[in-house]
Amino acid sequence: MSTQADMSTVIVFVLYLIAVLAIGIWAYRMNSQMSDFAIGGRRLGTFVTAVSAKATDSSQWVFFGLPGAFYVSGMQNIWLIIGLTLGFYLSWKILAGRLRTYSSLVSDWRQEEPGESVTLPGFFANRFRSNWLRSVSAIFIIIFYVIYLGSAFIATGVIFSQIFGGSVAVGTIVGAVVVMAYSSLGGYLASSYTDLVQGLLMFGSLLLLSVVAVFAAGGIGGFTEAIGEQNSDLGSAFAGVELIDGEWTTTSSVSFIAIISALAWALGYFGSPHILARFMGMRRAESAKNGARIGIFLSITLLGFAGIIGFAAIAIFGPDLSNPEDAYMALVSELFPTWMAGIFLAGVLSAVMSTADSQLVVASTTLTEDFYRAFINREAPEKLLVWLSRIAVLVCTAIGIVVALRGGTILDLVGYAWAGFGASFGPVLLAALYSRKTTWFGALLSIIAGGSTVIIYRQVDVIGLYELVPGFIAGMIALWLGNVLGPKQREKVSEKFDELTAA
């Protein structure tokens, strides 16, 4: 695509930005309490919840990282799609309904008054009656969200520079400001409804580009033949193919460690706060059943289209792409007139925004609810908390921009943050929802061990195993050790769990 798109592309793109900002302004007047800003007052239906959850999960890496991975190494990446689809489905089946119910019933344990938990750290603190859990989990959320936001803002920089020209750095700042604007105005409601629009736009743009690209390559027969001419092993899930010096070379078979690492992405769903917030914000716990069906359909199709786009880039461009993560952008430029480019670029930006807005809302409410109200001003009025959350969105945006300007690949940063969330909170959340014997000390050790293992292992990895695997295992072991060797279970914690399971 040219350095700067034509006027028709710019107009389409600007109209899209105006639409998401309008949603933010509409949602602004519906945020009078902290629960409104954090989880939308628990009033979203099944379809909106399912589509927005998948949209916020399918971030910029679905347009950049995943097609790039298929372009470089072919069908071996199918294990990643299997892992992600399985994890998304299980999160709906195992977590969604119960988390919706428990989070609405577990109130502030220090006040013993009816209420609800509106953040993940708040839920942990109230479920196990420990503010240590609140502060430590909030710290790990902020650490990994800074990394995640950096990857999102890198993508916005690329897109804005494509549309309007100028440097990627300037585009990064402009794109981040747009996301910040509607997220700070509308909070969770703006995030969810923009994610609904963006999820449908993502689906349509990926579907259309996949179909057109396959036909451009000569139909299904010509498509598969062109890929086979480059290397017949590109279509094998078990062949280790790499793009080396402008040629796809089979170097080995796909190792057991590589398959386990790809499948392990499923575990990230059990601890990702921006997805879990969608479950907490559902109107009814019963929505989980239909949400699982919608979710698995969206997961298979969205990720599958991304894989087809990566293969299409092989068939059409051969090994000539200088940056594999440009596969989507290059195909749009090659196959569609410039006046349509704005629609497809809006599809990319929708993926970026649908994740970044959710992350900003969760990170900001964590700072406000789990630091300010928990430790500084427990009696803070609701309107003050909402405004502090909006200010926190600005702060988190600024930090994310700094990370983005430092550079890095999109898929690598996403994978790092995803591992951090899954290892830090996955074991504890499962225990909070299903274990009567889990203690506050076991939960605390698990969060520290899981998150720290991801950070440390990433620096010393020598076998290529995805850091989420050792991190999740460390979290499970620490959970068990803390339960066995730490302080005994508090009677009121056990009594509350019995009440929750009977609800």
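In which hand of crossing does H5 pass H12, left-handed or right-handed? I find a right-handed crossing, the near helix being turned clockwise from the far one by less than a right angle.

Source notes: this is a predicted model, with local features needing pLDDT of at least 70, side-chain atom pairs counting only at pLDDT 80 or more, and totals for chains, interfaces and linings using all residues. Residues are numbered from 1 along each chain as its sequence is written, and side-chain values use heavy atoms, with hydrogens and water left out.

Entry, helix pair. I looked up the axes (lines fitted to C-alpha atoms over the stretch in contact, angles from 0 to 180 degrees between N-to-C directions). H5 (residues 78-105) and H12 (residues 287-317) have axes that come within 9 Å and cross at roughly 170°. H5 is therefore roughly antiparallel to H12 (angles over 145 degrees). In the contact (heavy atoms within 4.5 Å), H5 contributes residues including Phe88, Trp92 and Lys93, and H12 residues including Gly291, Gly295 and Ile300. I sorted the contact by class and got 11 nonpolar, seven polar and one charged residues; Gly counts as polar.

Entry, Val106. I found Val106 in the loop between H5 and helix H6 (120-128). Val106 counts as buried because its relative accessibility is 1% (buried is under 20% relative accessible area, 1.4 Å probe, protein chains only). Its C-alpha atom is separated by 9.5 Å from that of Ala125, 19 residues apart along the chain.

Entry, whole chain. I noted 19 helices and two strands (DSSP runs, H or I of at least four residues and E of at least two). Of the 503 residues, 60% count as buried.

Methods
Buried means under 20% relative accessible area, exposed over 50%, partly exposed in between (1.4 Å probe, protein chains only). Angles under 35 degrees count as roughly parallel, over 145 as roughly antiparallel, 65 to 115 as roughly perpendicular and the rest as oblique.
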